[in-house]
Amino acid sequence: MQVTMKSSAVSGQRVGGARVATRSVRRAQLQVVASARKQAGRWRSIDADVDTSDDQQDITRGRQMVDDLFQGGFGAGGTHNAVLSSTDYLSQARKSFNNIEDGFYISPAFLDKMTIHIAKNFMDLPKIKVPLILGIWGGKGQGKTFQCALAYKKLGIAPIVMSAGELESGNAGEPAKLIRTRYREASDIIKKGKMCSLFINDLDAGAGRMGDTTQYTVNNQMVNATLMNIADNPTNVQLPGVYKNEEIPRVPIVCTGNDFSTLYAPLIRDGRMEKYYWNPTREDRIGVCMGIFQEDNVARGEVENLVDTFPGQSIDFFGALRARVYDDMVRKWITETGVEKIGQQLVNGRQKVAMPKVSMDLKVLIKYGKSLVDEQENVKRVQLADAYLSGAELAGHGGSSLPEAYSR
């Protein structure tokens, strides 16, 4: 009898334990279902593993899901208005040259050098180390930057642009960080399937040493070192403080300058920088001047005569010459309007003041060209700084205040 009671008690415990286990399983299943229902709620569409769109779009999309109390007056403020606008996503350093009109002259040699350099950096050449940097240097005012702009437009590239003023800062290390940031920015554009390049204007003015009196700062040193490091490891460029070993697309670098001998010598060695001396030939100068005077209907023979009349002048001299021709017409307009009233016309007028085209013949151009040359000669001839720094130059019979018309 006792054995029978014990066996029934044991069987009752087994049945009760099975029931408890079944209940716990059901409870776990209900929790899983409840959690699944919770994950599939109204916010599921903007979860991180579902929605890959932009955060600002997510904020705007949630507008109708939040009470009007938190939306601000007339929907202008509140928690679900995008902070950034579409223009904030555009790079401030990326420059497009589509606004340059057609018809300007591109030197075939210049375009050939730049195109080959960029193409080689996007190719996988067998066991060949291609220099990452192309250094284009030459005399002042020879059109290096504008030729680069025309070449970029021809290639359909909107480069990331840096200037010499960005290579120095009050904070140590800031320019070097900026170079890495701009390089990675260009690399991200290439990763999206568009050609890009890093273009640095006047590199020697920002990172070079112009004589012994130039202060050599930490930023000068770090800019040179950063460019050297990027040239050696173009697919592994990291930001300061980020030590993530990831491979990024290679970005060709093009920089301009007047004298690359002022740069750190290991930076400009052949393995890192390919150098190109830009000294336009007579044909190049004539071609560029034809683009300068294309709106004025100046014949090619007159342009050739003008270039041969001023053979020692840079290309920008002819652009300044064209602007100088309008002096007489502007002077006539000022006389007719009155000096006291030109501010109202130029700044507060309803329409901008426009001038008709001036007739530009060879005689007029040579006349104004000689006027510009005379001003250049005055700068080279007088040189008051030598007289002022060498001693006390006082006004007198032989002083610098003597008018030009008087003979000494």
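Is Gly-271 buried, partly exposed or exposed, and what is its relative accessibility? Gly-271 counts as partly exposed, at 25% relative accessibility; buried means under 20% relative accessible area, exposed over 50%, and partly exposed in between, with a 1.4 Å probe and protein chains only. The model is predicted, so local features need pLDDT of at least 70 and side-chain atom pairs count only at pLDDT 80 or more, whereas totals for chains, interfaces and linings use all residues. Residues are numbered from 1 along each chain as its sequence is written, and side-chain values use heavy atoms, with hydrogens and water left out.

The chain has 14 helices and five strands. These elements are DSSP runs numbered from the N terminus, with helices (H or I) of at least four residues and strands (E) of at least two. Of the 408 residues of the chain, 32% count as buried. Contact means heavy atoms within 4.5 Å. Among contacts in the chain with a separation of 6 or more, 72% are between residues 24 or more positions apart.

Gly-271 lies in the loop between S4 and strand S5 (273–277). Not counting residues up to four places away in sequence, Gly-271 touches Lys-129 and Pro-131. Gly-271 and Asp-232 are 39 residues apart in sequence, and their C-alpha atoms are 8.8 Å apart in space.

The largest nonpolar core has 31 residues. A nonpolar core is a set of buried Ala, Val, Leu, Ile, Met, Phe, Trp, Tyr and Cys residues joined through side-chain atoms within 4.5 Å. The residues with the most contacts inside this core are Ile-133, Tyr-183, Leu-198, Ile-200, Leu-203, Ile-253 and Met-273. At least two residues of the core come from each of strand S2 (160–162), helix H5 (174–191), strand S3 (198–200), helix H6 (203–207), helix H7 (218–232) and strand S4 (253–257). Leaving aside neighbours within four places in sequence, the contacts of Tyr-183 include Leu-132, Leu-198, Ile-230, Pro-234 and Ile-253. A second, separate core of 21 residues includes Cys-289, Leu-321, Leu-362 and Ile-366.

Asn-224 lies in helix H7 and is buried, with a relative accessible area of 2%. Residues up to four places away in sequence not counted, Asn-224 touches Ala-207, Tyr-216, Leu-263, Tyr-264 and Leu-267.

Two packed helices are described by the angle between their axes and the distance between the axes. The axes of helix H8 (residues 282–292) and helix H9 (residues 300–309) come within 10 Å and cross at roughly 125 degrees. That makes H8 oblique to H9, since angles under 35 degrees count as roughly parallel, over 145 as roughly antiparallel, 65 to 115 as roughly perpendicular and the rest as oblique. Axes are lines fitted to C-alpha atoms, for helices over the stretch in contact, and angles run from 0 to 180 degrees between N-to-C directions. On the H8 side, Arg-282, Glu-283, Arg-285, Ile-286, Cys-289 and Met-290 meet Arg-300, Val-303, Glu-304, Val-307 and Asp-308 in H9. The residues of this contact divide into five nonpolar, no polar and six charged; Ala, Val, Leu, Ile, Met, Phe, Trp, Tyr, Cys and Pro count as nonpolar, Asp, Glu, Lys and Arg as charged, and the others, Gly among them, as polar.

Asn-297, in the loop between H8 and H9, has a positive phi of about 55 degrees although it is not a glycine. Asn-297 is exposed, with a relative accessible area of 71%.
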